[in-house]
Amino acid sequence: MIASRIIGHRGAAHLAPENTLAGIQMAAECGVTWVELDTTLLGDSTPVLFHDEHLDRCTNQQGPLSALSFDALPLLDAGSWFHPEWIDEPMPHLSDALRLCQELQLGLNLEIKPFDLEPDLVAERVFEQISVYWPTPEKLIISCYNFDLLSAYKALDPQAQIGLLYDHLPELWQLKAEMLEAVSLHCDANLITPSDVKVIKQAGYELYCYTCNDPTQAAILFDWGVDGIFTDNPPLMRSCIPSNNLNEAFISL
């Protein structure tokens, strides 16, 4: 496997504010070996960790993310919405998140959110940071729902490990995977079927499912042949991992 049986979703989104340095640290403290994070661009093309197109849900501000610039980040609180313990937790620059993951020796599934931005621009800005701050390409998967963005990123980094993101598995998924030389598919845990799993695995791709926070569901997915799951609560999932794979998902604490 490239990644792990258990991947901390947006860090560890049930235990700390999502897509923050605190969330990455929490995931490491839970013992996971891989995390999933979301990146997109501010209005001035600064790459940051953030999931939404608007600030309202996960910060103390409102409005579109595109109205924000790097100079405004010190005024942003991306933690207190989750719990007062994390008041003034910053929205991280992508480079800070990459450095922390490296420091903690975490593998990373980086999901790129292009929204309505030009795919080539987003790919270029993200690759600029990856090329400087991520020296272990074997521990990085770049994923996205947008085929054009993945194509643009692959053109910049031909050795990149690409993961195709899908809700429902489309008819032409394998053609697109071959065009991108993808290594994995990332599918909705609530929509994937046993037949989907079978055809993906028979085609030679790794399969990771999001977002699974139910140990019973996780056990079923693993029984079907899913390689790994994204979860907001990694410690809760420990019991559902096949015993011979436990060390692949969690480091010793």
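Visitor: Are Trp173 and Tyr205 buried or exposed?
Guide: In this predicted model, the ring centres of Trp173 and Tyr205 are 5.7 Å apart with planes at 75°, so the pair is edge-to-face. Trp173 belongs to helix 5, and Tyr205 to the loop between helix 6 (194–202) and strand 8 (206–210), 32 residues apart. As for accessibility, both Trp173 and Tyr205 are buried.

Visitor: How many aromatic pairs does a search of the whole structure find?
Guide: Ring pairs join Trp81, Phe82 and Trp86 in a cluster. Searching the whole structure gives a count of aromatic pairs of 5.

Visitor: Why is the pair of Phe127 and Tyr153 edge-to-face?
Guide: The cut-off for edge-to-face is planes over 60 degrees apart. The centres of the Phe127 and Tyr153 rings lie 5.9 Å apart, and the pair is edge-to-face because the planes stand at 85°.

Visitor: Is Tyr153 buried or exposed?
Guide: Tyr153 sits in helix 4, whose buried residues also include Leu149 and Leu150. What covers the buried residues of helix 4 includes helix 3 (119–133) and strand 5 (140–144). Buried means under 20% relative accessible area. Tyr153 has 0%, so Tyr153 counts as buried.

Visitor: Which side chain makes a polar contact of 2.8 Å with that of Thr46?
Guide: Thr46 is in the loop between strand 2 (34–41) and strand 3 (47–49). At 10% relative accessibility, Thr46 counts as buried. Beyond four places in sequence, the residues in contact with Thr46 are Thr40, Leu41, Phe70 and His93. The side chain that makes the 2.8 Å polar contact with Thr46 is that of Asp44.

Conventions: Residues numbered from 1 in each chain as written. Predicted model: local features only at pLDDT ≥ 70, side-chain atom pairs only at ≥ 80, totals over all residues. Heavy atoms only, no water. Buried < 20%, exposed > 50% of the residue type's maximum accessible area, 1.4 Å probe, protein only. Helix = DSSP H or I, 4+ residues; strand = E, 2+ residues; numbered from the N terminus. Contact = heavy atoms within 4.5 Å. Polar contact = N/O pair within 3.5 Å; in protein donor to acceptor, adjacent residues only side chain to side chain. Phe/Tyr/Trp six-rings, centres within 6.5 Å; stacked < 30°, edge-to-face > 60°.
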